[in-house]
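User: Hi! I am new to this structure and would like to learn how to read it. Could you guide me through its features?

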Amino acid sequence: MRARWIVSMIVRVLLFAVIAIVLFGQAVLHLWNWLMPSLFGLHTITYWQALGLLALSWLLFGGWRGVHGSPRHREHWRRRMRQRWEHMTPEEREKFRQGFRGGCGQAQA
């Protein structure tokens, strides 16, 4: 009985994934073909090119957000930063604060 339930859930998840991919691909296709040619003079695309764009944008912009953007991951990061902060001397803390005030990644004078 349990095996039947697991198989049923796997089939449902796969069906949902296929439907989602088809719908998102259609959305990208129609939005691209509606906006891009008139706004930027670009060519229209096919459904498979739309799926390729969807995959590319997921890799470039979405990526593994489900793994790295999860509340559990953020809490782990906060805990780790809190531990680092607690082990810093007052001078190190002030240097850290100054780095943020000066802007991250900018050279300090």
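Analyst: Happy to. A nonpolar core is a set of buried Ala, Val, Leu, Ile, Met, Phe, Trp, Tyr and Cys residues joined through side-chain atoms within 4.5 Å; buried means under 20% relative accessible area, with a 1.4 Å probe and protein chains only. This is a predicted model, where local features need pLDDT of at least 70, side-chain atom pairs count only at pLDDT 80 or more, and totals for chains, interfaces and linings use all residues. Residues are numbered from 1 along each chain as its sequence is written, and side-chain values use heavy atoms, leaving out hydrogens and water.

User: Which residues form the largest nonpolar core?

Analyst: In soluble globular proteins, nonpolar side chains tend to be buried together. Here the largest core has 5 residues: L29, I45, Y47, A50 and L51. Helix α2 (residues 47–62) gives the most, with 3 residues. Helices are DSSP runs of H or I with at least four residues, numbered from the N terminus.

User: What is I45 in contact with?

Analyst: Contact means heavy atoms within 4.5 Å. Leaving aside neighbours within four places in sequence, I45 touches L29, W32, N33, A50 and L53.

User: How many helices and strands are there?

Analyst: The protein chain has 5 helices and 0 strands, and its elements run α-α-α-α-α from the N terminus on.

User: What share of the residues is buried?

Analyst: Of the 109 residues of the protein chain, 8% count as buried.

Methods
Buried < 20%, exposed > 50% of the residue type's maximum accessible area, 1.4 Å probe, protein only. Helix = DSSP H or I, 4+ residues; strand = E, 2+ residues; numbered from the N terminus.
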